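Let's take a walk through this one, from the overall picture down to a few individual residues. Keep the viewer open as you read.

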Amino acid sequence: MTPSVRSVGTAMAAGTPMTVRGSNTSPAGSKDLSPNVREQTVTVPPHPLGVKPAGNAYTSNQNLRSSLGTFSALIDELIIQVLEFLDAPSLMRLGATCKALFAFASFEELWKSLSIESAQPSPATWQGTWRSTYLQSNASQTSRVCCTNLFSDVLHRPFFCANVPIVPYTANIPPENAIIRLPNLTPAEFSASWTDKPFILTEPVRDWPVYKHWSTEALLEKYGHVTFRAEAVNWPLRDYVQYMQNNTDESPLYLFDRAFVEKMGLAVGRAEGGEYWAPECFGEDLFSVLGDQRPDSRWLIVGPERSGSTFHKDPNATSAWNAVLRGFKYWIMFPTSSSYPPPPGVFVSEDQSEVTSPLSIAEWLLGFHAEARQTRGCLEGICGEGEVLHVPSGWWHLVVNLAPAIAITQNFIPRRHLPAALGFLKDKPEQVSGFPVGVKDPFTTFVHRLQQEHPDILEEALAQMEPRQEGKKRKWDEVINGNGEGPVESSFSFDFGMEDDDDVP
């Protein structure tokens, strides 16, 4: 696992106070997430080894980096990459040679990778850090080496990001940025006016049995032995909760399991007496015509404070809803079209197949949140317990837990977004994801099923796709052949937007 190169922050001594501003507003009907946060001075604790940001080296008359020997010729990022090739015993031996190498050999991401790649399926006795867990050593057995004269952004920045308060960045949402909050919608209202707009509904989820009965403790009691997917690991829930309640990760592992309904034996659907059901306003999910051939569509999400997802769009041009059962989630969202740039700090390849952004949510908040709030199209909101947020197809979104949270999310295709979904499946097969292995041609399979069950809807969607495809063909012909009045002399570029260059309200 190669760490991304980080931006170099302003020099800051360990334990330096920093002032953050916000407001003490919270979702209607929810507890105050940030009491007296209108203006707070908070102190980020010193690094456990005393490491400081690189800029502090300019005011110090001693630097432990001079003891690195041959390694001193390498920048810090390369040192970490070299150490990735070492096993645990080799890291331990290298760390015993000098204080500076002890600090580099103790870097948590190295031990996280070793733990995930090891034969140990889960941390049966989680010790609070990846290094301690891998070595099965408790706090009293952990070496404490003073590295106060080592200056490294690579080593200090992850610790800083893991400890800087997040809540103040999510408070004081500008009124023009606020995601609209509604009690509920009818299917007709949603279809007519809301398919392209984010919103939060405050009523539908409160009828669900899982909202009334689920908590971390209740899930542990009934499903503690059940194995769930948490990013790169498969752990029993009891082990994940042990990790969730005591970790120091900059980006905590996020339990995100697509097979939770089957693993937990849940019934789904109001008519079936289910434990939960899709809010009725979203209407029929057209992907449901695929039955057991549909792509992954629903997930259980559990995570500690600070866990979440960096900027992304939902797969296969789908829309989504995300219902919070416990905790609070902060969302910041941006529309996609040729007239809107990607969110600040997010860089997208020409075909939108690759996205580059800061390594962690905290790092993005530190570097780009203020700019994002001033960016056209920005929407923000906090979705609290018993509320559900709508993510329209094609919208960029970042989400972070402001408290330990349990949620259920589901992707779907509403009728108005069927042309976009069909176009994505047809034109970007290399980016299609989540379908069962046996589905070799998702577009053709989907069209065939729609023809059987909804021929009128399919005909309407295909008719809407034709002008878009013809428009692309005309654009290409003009570039290659000119406009009939002479050769093309100016430069040109293409925009392969998720929404075929249509503006998203």
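This is a predicted model: local features need pLDDT of at least 70, side-chain atom pairs count only at pLDDT 80 or more; totals for chains, interfaces and linings use all residues.

Residues are numbered from 1 along each chain as its sequence is written, and side-chain values use heavy atoms, with hydrogens and water left out.

The chain has 16 helices and 17 strands; these are DSSP runs numbered from the N terminus, with helices being H or I of at least four residues and strands E of at least two. Of its 505 residues, 50% count as buried (buried is under 20% relative accessible area, exposed is over 50%, partly exposed is in between, with a 1.4 Å probe and protein chains only). Take contacts, meaning heavy atoms within 4.5 Å: among those between residues at least 6 apart in sequence, 77% join residues at least 24 apart.

Now to the inside. A nonpolar core here is a set of buried Ala, Val, Leu, Ile, Met, Phe, Trp, Tyr and Cys residues joined through side-chain atoms within 4.5 Å. The largest one has 69 residues, and W208, W214 and L300 have the most contacts inside it. Helix 3 (residues 99–105) gives this core its largest share, six residues. Beyond its neighbours within four places in sequence, W214 touches L219, M264, L266, L300, L325, R326, I406 and I408. There is also a second, separate core of 22 residues, with L286, A421, F446 and L458 among its members.

Next, a helix pair. The axes of helix 14 (residues 418–427) and helix 15 (residues 442–453) come within 8 Å and cross at roughly 145°; axes are lines fitted to C-alpha atoms, for helices over the stretch in contact, and angles run from 0 to 180 degrees between N-to-C directions. Helix 14 brings L418, L422, L425 and K426 to the contact, and helix 15 brings P442, F443, F446, V447 and L450. By class, that makes eight nonpolar, no polar and one charged residues (Ala, Val, Leu, Ile, Met, Phe, Trp, Tyr, Cys and Pro count as nonpolar, Asp, Glu, Lys and Arg as charged, and the others, Gly among them, as polar).

The loops are worth a stop too. P414 sits between strand 17 (405–412) and helix 14, and is buried at 4% relative accessible area. P414 and L286 are 128 residues apart in sequence, yet 6.4 Å apart in space, C-alpha to C-alpha. R65, in the loop between strand 2 (39–43) and helix 1 (76–83), is buried as well, at 18%. A polar atom of the R65 side chain lies 3.1 Å from the backbone oxygen of S72.

For N316 phi is near 60°, but N316 is buried at 3%.

Finally, how many disulfides are there? The count comes to zero, a disulfide being a pair of cysteine sulfur atoms within 2.5 Å. The sulfur of C98 has its closest cysteine sulfur in C147, 8.7 Å away, so that pair is too far apart for a bond.

Terms used
A polar contact is a pair of N or O atoms within 3.5 Å; within protein, one must be able to donate a hydrogen and the other to accept it, and residues adjacent in sequence count only if both atoms are side-chain atoms.
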